[in-house]
Amino acid sequence: LKEDFRAVGSLLRIEFTTEEIAYNTPLDTPTPVGLKWFVVRNQDMTDVEIGTLSHATLLCTICDNETNPCLNDNICQANGRCDCFNGATGTLCQITPLGNGRCDLTYNKASYGYDGGDCCTGTCQSSEIFTCGVVPIGQLETVNIGFPNCIDPDNSCRSNLACWAQNSAPIPLLFPGSTAHLTVTANGLTILVAEPDLDVVRVFDKKDSQWVQRGPVLEGVRNTQFGRVLAISTLPGEVVGRRFGVLPLIIAVAMKRQHPVNGWYAAIRVARWDANSIDWSYLGDDFQIPVSVALGKSYEVISLHIVQAQTKVIMSVLLNDGQFFVYKSTLSETGATPWSEIGAESGLNSTVSAMSRDGRRLAVDTIVNGNLAVRIFDIDLNGGNSWLGVIERDALVPPEIAANGETFSEFYTEFSQYSVPSDPTSFVAMHFVSTDLLKVVVRGEGDVIYLMQLRIIDGNVFFAFEFIFASPEVPTHVREKGLHPMKFGDKSMVFRVQEFEKSNEVIAVVTEMFESDGFFGEYGGELDLQEKVTDQAVSYNGRVLAVTTDKQVQIYGNIPTCATNTSLYRILITLDEFPEDISWSLESFQMLYNTTFTDKILDQCDACYDDNDRFSRGHIVEEICVPIELTTCTLLRFKSERGLSHGAGFVVLKDGEQVGIYEGTGKVEDVVVKLSQTDSCNLPDRRPECSEGSVAFAAVVSFDQFPDDLKWSLFDTNGDVLLYFEDYINGIGSEELLDRFSSPLKGDIRQSTVLQQACVPDDECFTLTIHDGYGDGFCCVYGNGEMSVHMDGVMVSYHRGDQVSRLRRDRFGSKCQALNLVNITLEVQFDMIPMDTGYQIVQTTDNTGNSLYNPVHIVSDSFHLFYSPFGKSVETIEVDRGATFNFEITDYAGDGLLGGHYAIYLGDGVDSGNLLLFGDGPFEFSKTETFTASLDAIISYPQTESSNASLNTTNVTLLVSDELGSSSGQNIFDWSP
């Protein structure tokens with residue numbers, strides 16, 4: 001300080017004072033830096049009374065690397081100012097960003113309290129600036145990254161699958177000592193807690209490290225055991241939040257009501273919470289299950305499921321006498337329709353049930369000849385109140401299949417020599433992984449655990465064992481609490497919860513059994529609960545375990561990992577308000593002739609976020625375990641028909657490291673983001689040596705699961721076939737298999753890639769035709785595929801997915817510019833059953849009259865499965881001007897186009913008025929007509945009963961005869977679609 005420094009009086013109150021100093025002595029200090037500070041109790045300047053010690057410290061603002069360094073590993077610059085580069089603030093970077101809701105890896109260490117708890121779900125608290133687990137990346141303002149960097153040993157589980165940590169404060173019961181029941185959503189972020197003794201149900205959402213109650217308590221009628229059985233309809237486990245608001249829910253709560261005269265009957269209450277709700281609403285009044293109540297008989301719900309599929313809500317109810325019922329209600333802006341019965345069954349002796357997420361499939365256990373079995377039902381959501389169909393086969397539990405080394409067996413018979421004998425101790429749990437895949441876990445005789453899968457394909461049930469475990473040795477007096485089938489990455493797992501007493505304490509044993517890479521594994525972890533378990537629930541993603549004791553609900557979390565020699569890919573997607581058209585696929589790839597093509601589809605989503613009400617603006621976390629050898633060359637293919645809006649997009653993490661990002665632009669585009677690439681991704685040049693006057697032709701084809709659907713041909717200008725290939729399924733002949741990682745069976749190249757090459761003339765205009773016989777292209781449900789064509793190493797044609805659902809016709813080559821080409825427009829107005837109709841256009845002469853046979857356009861009848869009755873197809877096709885063509889149309893029902901028509905125009909669109917061909921009405925099974933693509937061949941519009949002059953309207957007269965007899969005899973309706 002300067003020598004002329006003088007203290008001056010002030011009207012400000014004194015809040016702090018330093019410790020006493022030895023003024024004007026050798027022990028005096030020139031500055032207050034380093035002195036202790038105390039809170040002042042007495043404001044009298046003449047007699048300051050020192051209070052409690054303050055933890056505040058004055059710092060010198062000028063840094064020096066020797067005597068006054070910058071704190072927290074920051075840098076002192078030459079001007080004496082600190083450069084705080086790692087998130088710290090203050091003149092000496094002394095203020096650390098701890099406990100602000102955002103995980104900072106710089107401070108994620110023990111000395112900083114693991115960033116003040118910001119990196120773990122059990123300790124993080126959001127602030128006004130940051131939300132726990134959500135970070136901005138690029139232009140994406142909210143990416144739900146979760147807590148991949150939680151390393152606090154008191155709040156993390158990273159050692160093995162059985163590591164569990166209590167990730168939040170317990171939820172106390174309203175009445176200690178009451179029996180509570182639980183249900184957890186698939187993502188583990190919402191818990192239903194019911195106390196039937198009090199007839200109340202509460203709903204809690206995970207908010208940072210706390211569980212926050214959603215809305216008021218749901219109260220049932222007194223003394224009805226309201227909440228004895230619970231069900232919840234919510235999004236799948238990969239949906240972890242929303243950009244705005246909370247996740248919508250529909251919950252069903254079972255109770256039993258007393259009949260005025262006879263016994264007890266079962267009843268259900270259904271409550272709903274939308275994305276914009278502020279309170280619970282109800283889907284009608286308490287719904288009574290309509291069974292005849294016998295004197296003294298008590299009917300109770302023992303298994304309950306509820307799902308929302310678009311605007312429909314489907315509920316299944318299983319009663320204690322083995323009867324089960326399925327009901328449907330339709331949501332609207334004003335409420336919901338009353339519950340209507342879809343189907344009911346009795347006499348199956350069922351005890352458990354499962355329903356698929358889309359509400360289209362139901363499974364129940366049953367007994368066949370004293371053996372445990374599973375029966376599966378299909379449910380019609382759009383038709384009347386009836387079963388669409390029942391898979392009339394009971395899939396029995398056959399341990400000998402696995403023992404004999406068989407991995408797949410087709411189950412057709414209801415009765416089988418393979419079975420697990422039914423006994424009172426058998427424990428069954430079921431879960432639909434998808435509509436077509438059911439997981440079943442059974443504890444059979446000898447305490448052996450079986451995990452099985454039932455796959456439904458085209459109405460047939462296929463059975464396979466995943467693994468069998470002899471139960472581990474556990475202390476005596478073990479109480480079985482639950483078996484849970486689930487899946488994480490490449491692992492199928494069973495979580496088994498048991499309870500026993502140890503040293504006067506209650507211990508829960510959580511055993512995780514899994515199979516991966518052909519090896520069985522098993523881990524057991526103990527949770528010290530202090531009290532007995534009354535109920536337990538596990539989220540399907542295996543992240544959250546909730547158990548109830550006599551006093552509270554305790555919630556534990558873990559971090560499942562992929563198997564050895566695999567990497568974990570996490571695709572973090574931020575959806576916009578229209579997510580139903582979004583598709584993606586994680587793929588390994590190869591490169592040939594500077595072209596990228598798919599090697600393996602590692603995982604994919606084909607329009608799987610198709611429910612706007614529930615997915616809109618959601619945060620999605622998709623997790624895929626990928627073998628190390630497939631991670632060298634990977635990409636993410638992302639498609640949105642509308643285009644992602646600003647603020648939406650995706651981020652891809654590989655083992656916690658960011659490897660890809662895409663930010664929405666509002667434009668429609670197909671996005672390919674390469675996540676990793678090395679020189680090994682490039683295959684060597686394999687072009688054949690061609691003689692002078694010829695050039696190397698190459699076709700690279702990646703198939704879906706049905707290669708035999710695909711046919712392609714290469715024509716020259718004369719219509720001669722240079723190369724032709726079909727019926728791939730019977731063998732690949734001279735084609736070269738490029739797939740590095742598959743070992744296909746002989747003749748089986750499903751979802752593999754082949755290379756076909758040849759030398760062709762270089763002075764030519766080639767026509768390539770590609771056609772998928774089934775009508776879906778190489779696409780979607782049956783695996784995505786693609787085809788690229790190269791001339792002398794340069795790509796000239798490329799098709800992917802459903803682009804070849806109809807015949808595609810590409811032209812390329814040096815002589816193509818000299819061709820005289822013209823567009824024609826084909827219009828087909830279908831009748832009531834579009835799937836009956838198929839057609840093709842075949843060129844029969846060139847423009848000089850020379851004969852040839854060249855398919856120009858082919859559409860199979862099965863393609864029209866995707867058209868609605870009386871739908872219309874309009875397509876523009878490029879053809880040779882002046883050439884002659886046959887239009888061949890078929891109808892396998894033999895009634896032609898009743899109420900429909902077909903027309904071909906010269907030019908683009910039906911408005912050109914240049915009609916070349918027209919036909920309608922019945923033609924039995926097939927019809928062939930000829931036309932020429934020339935102005936000289938224009939015809940007049942025909943005047944028929946089924947078409948007017950503009951061909952824009954088709955009039956249909958429907959005659960309905962009254963066979964019982966009526967005054968008029970017929971009812972006549974005219975309709976113009």
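This is a predicted model: local features need pLDDT of at least 70, side-chain atom pairs count only at pLDDT 80 or more; totals for chains, interfaces and linings use all residues.
## The overall count

Side chains of opposite charge can pair when their charged atoms come close. Searching the whole structure for such salt bridges turns up 16. Three of them are described below, one at a time.

Let's start with D286, whose side chain meets that of R257 in a salt bridge, at 3.6 Å from N to O. The two sit 29 residues apart and tie together distant parts of the chain: D286 is in the loop between β19 and β20, while R257 belongs to strand β17.

D286 is partly exposed, at 28% relative accessibility, and R257 is partly exposed too, at 24%.

Next up is R637, which forms a salt bridge with E587; their closest N and O atoms are 3.2 Å apart. This pair also links distant parts of the chain, with R637 in strand β46 and E587 in strand β43, 50 residues apart.

How buried are the two? R637 has a relative accessible area of 15%, so it counts as buried, because the cut-off is under 20%. E587 is buried as well, at 0%.

Finally, E827 and K872 bring their side chains together in a salt bridge of 3.4 Å, N to O. E827 lies in strand β59 and K872 in strand β62, distant parts of the chain 45 residues apart.

Here E827 is buried, at 2% relative accessibility, whereas K872 is partly exposed, with a relative accessible area of 35%.

Technical notes:
Residues are numbered from 1 along each chain as its sequence is written. Side-chain values use heavy atoms; hydrogens and water are left out. A salt bridge is a side-chain nitrogen of Lys or Arg within 4 Å of a carboxyl oxygen of Asp or Glu. Helices (H or I, at least four residues) and strands (E, at least two) are DSSP runs, numbered from the N terminus. Buried means under 20% relative accessible area, exposed over 50%, partly exposed in between (1.4 Å probe, protein chains only).
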